[in-house]
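Work through the exercises below with the sequence and the structure open. Try each task before reading its solution.

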Amino acid sequence: MSVNDRIQLARGDITRFEVDAIVNAANSTLLGGGGVDGAIHLAAGPGLLEECRTLGGCPPGEARITGAYALPATWVIHTVGPIWRGGTNGEDQTLASAYRSSLALAASVEARTVAFPSISTGIYGFPIDRAASISLTTIRNSLATHPTIETVTLVCFNDANHTAYATLLDKAS
Ligand code: AR6
């Protein structure tokens, strides 16, 4: 199966996805926040925050893994994307690293199915088209090195996000 066939586009709320691992767009404290982070903690229940407290935070571009508690997934992979500061402060590299680190962790626990939100494109302000391009390139490269990951689902919570990915995926097919 080609790498492109292992990437799926979906709409909806990532907390509902029955995959092995969902990725959380967290902040470096790993102690919760708004956006998808808030939704994941709310749906997972207080056990998630308790486990996150033991991790001691996570720098931007890295990832940490926990259980998923009341969520239908098995694991939550918490990654920290860059805060957009105009694009010349290493934001592209940090975003790529967040996707790459998340998939390396997913592979390390033998997750076969992984779902991502669009990291950094909400509260952190990363432009959606630029983020979608970096995300797709990084996921394709990572899938080539992690054959045990069968499917990555890109979960879009809004139309702009969906359109950005759909345009790029059309170009790829
Ligand atoms: N399912 C899927 N995607 C979602 C959901 C959901 N339930 N809710 C929001 N999104 P954001 P960031 C989308 O702001 O930009 C938090 O406070 C949203 O539409 O959640 O990385 C953290 O603690 C957008 O496309 O994350 C950090 O402080 C995408 O998820 C900060 O926000 C990411 O938006 C991280 O900011």
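Predicted model: local features only at pLDDT ≥ 70, side-chain atom pairs only at ≥ 80, totals over all residues.

**Exercise 1.** Compare the reach of helix α4 with the expected span, then find which of its residues are buried and what they pack against.

Solution. 
- Step 1: α4 runs over residues 128–145, which is 18 residues.
- Step 2: From first to last C-alpha the helix reaches 26 Å, close to the 26 Å expected at 1.5 Å a residue.
- Step 3: Buried means under 20% relative accessible area. In α4 the buried residues are Ala 131, Ala 132, Ile 134, Ser 135, Leu 136, Thr 138, Ile 139, Ser 142 and Leu 143.
- Step 4: Their packing partners are β1 (7–11), α3 (91–108), β5 (113–116), β6 (151–156) and α5 (159–172).

**Exercise 2.** Identify the members of the largest nonpolar core that touch the most others, and list the contacts of Val 114.

Solution. 
- Step 1: The core has 29 residues; Val 114, Phe 116, Ile 139, Ile 149 and Val 152 touch the most other members.
- Step 2: At least two residues of this core come from each of β2 (21–26), α3, β5, α4, β6 and α5.
- Step 3: With neighbours within four places in sequence set aside, Val 114 contacts Val 19, Ala 21, Val 23, Leu 103, Ala 106, Ile 149, Thr 151, Val 152 and Thr 153.
- Step 4: A second, separate core of 19 residues includes Ala 10, Ile 40, Ala 44 and Ala 115.

**Exercise 3.** Glu 110 and Ser 120 have positive phi: are they buried or exposed?

Solution. 
- Step 1: Glu 110, not a glycine, has a phi of about 65° and sits in the loop between α3 and β5.
- Step 2: The relative accessible area of Glu 110 is 62%, so this residue is exposed.
- Step 3: Ser 120, in the loop between β5 and α4, has a phi near 75°.
- Step 4: Ser 120 has a relative accessible area of 6% and is therefore buried.

How values were computed: Residues numbered from 1 in each chain as written. Heavy atoms only, no water. Helix = DSSP H or I, 4+ residues; strand = E, 2+ residues; numbered from the N terminus. Expected span 1.5 Å × (residues − 1). Buried < 20%, exposed > 50% of the residue type's maximum accessible area, 1.4 Å probe, protein only. Contact = heavy atoms within 4.5 Å. Core = buried A, V, L, I, M, F, W, Y, C linked by side-chain atoms within 4.5 Å.
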